[in-house]
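Student: Please show me how to read the side-chain features of a model like this one. I would like the general idea, then the case at hand.

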Amino acid sequence: MRTPVSNIRGWLEAVEDGIARPDPDLVTSLLGQSCQLQHIIDDLRDLSAAEAGELRLAPEPVQVSGLLSATAMANQATAAAAGVTVTVADTLTMADSEAILAMTDPVRARQMVGNLVSNAIRHTPAGGSVTLSARADPETVEIDVADTGTRISADELPHVFDRFWRAEKSRGRQSGGSGLGLAIVRRLAEARKGPVTAVSTPNVGSTFTLRLPRHSSATEPGPRH
């Protein structure tokens, strides 16, 4: 939090001292810094609540195909700016992908998958891709977020879900993040009794897998997207 606060204060002091003028470019820059600060504060709040066991979860049937499509669409602008392609692969192993439901809190599910996609985009060089896919069995739905970014080394992989941890040397960053996104995903997954894991392959990229309990559509109509 120190960086955006210092930047905002420094520029405001420069304006007060007459060194800088509050022109549109400066206002836009300060707004961007304040948005980044708000993002960090929100992430810290969510992480603290998750670690304290105070998250309020409201599980309900969530259509997996709709969840992946909505997340991909929400991240298209960021991906395009980074020169990265985001796609959804139709790889559900059940006969009818529209019938695959996960039993989860829809807001937190979007947050978890969204954090994984945002992380993948940040660590994928221009020209690369991020692919969302899912698999289902009678008990579990597994959601994969795969990128073509630089491999995460074996000794770094166990730390990717630690708060504020970044593999700066192995995965180049195109834009900043709070360093809390993956930690939040892990805590939310643990709250739902569903683990999240990561694997990384040389010359291929990395895949983050989120496991959620599967819900039978036969017992609960009206899934949420």
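Student: With which residue does Arg-186 form a salt bridge?

Tutor: Side chains of opposite charge can pair when their charged atoms come close. The term salt bridge is used here for a side-chain nitrogen of Lys or Arg within 4 Å of a carboxyl oxygen of Asp or Glu. Arg-186 pairs in this way with Asp-162, with 3.7 Å between the closest N and O atoms. Arg-186 belongs to helix H6 and Asp-162 to the loop between E5 and H6, so the bridge ties together parts 24 residues apart in sequence. Helices (H or I, at least four residues) and strands (E, at least two) are DSSP runs, numbered from the N terminus.

Student: What should I know about the model and the numbering before going on?

Tutor: This is a predicted model, in which local features need pLDDT of at least 70 and side-chain atom pairs count only at pLDDT 80 or more, while totals for chains, interfaces and linings use all residues. Residues are numbered from 1 along each chain as its sequence is written, and side-chain values use heavy atoms, with hydrogens and water left out.

Student: How many salt bridges does the structure hold?

Tutor: There are five. Four residues, Arg-135, Glu-142, Asp-144 and Arg-211, are linked in a network of such bridges. Asp-144 is buried, with a relative accessible area of 10%, whereas Arg-135 is partly exposed at 31%. Another bridge joins the side chains of Glu-142 and Arg-211, at 3.0 Å from N to O. Glu-142 lies in strand E5 and Arg-211 in strand E7, so this pair ties together parts 69 residues apart in sequence. Arg-211 is partly exposed, at 24%.

Student: How many aromatic pairs does a search of the whole structure find?

Tutor: Rings of Phe, Tyr and Trp (its six-membered ring) pair if their centres lie within 6.5 Å; planes under 30 degrees apart count as stacked, over 60 as edge-to-face and the rest as tilted. The search finds one pair. The ring centres of Phe-161 and Phe-208 are 5.9 Å apart and the planes stand at 85°, so the arrangement is edge-to-face. Phe-161 sits in the loop between E5 and H6 and Phe-208 in strand E7, a separation of 47 residues. Phe-161 is buried at 8% relative accessible area, and Phe-208 is buried at 2%.

Student: Which residues touch the most other members of the largest nonpolar core?

Tutor: In soluble globular proteins, nonpolar side chains tend to be buried together. A nonpolar core is a set of buried Ala, Val, Leu, Ile, Met, Phe, Trp, Tyr and Cys residues joined through side-chain atoms within 4.5 Å. The largest one has 39 residues, and those touching the most other members are Val-64, Val-113, Val-130, Leu-132, Ile-143, Phe-208 and Leu-210. Elements giving two or more residues to this core include helix H3 (64–74), strand E4 (129–136) and strand E7 (205–215). The largest share, seven residues, comes from H5.

Student: Which residues does Val-130 touch?

Tutor: Contact means heavy atoms within 4.5 Å. Leaving out residues up to four places away in sequence, the contacts of Val-130 include Val-84, Val-86, Ala-120, Ile-121 and Val-145.

How values were computed:
Buried means under 20% relative accessible area, exposed over 50%, partly exposed in between (1.4 Å probe, protein chains only).
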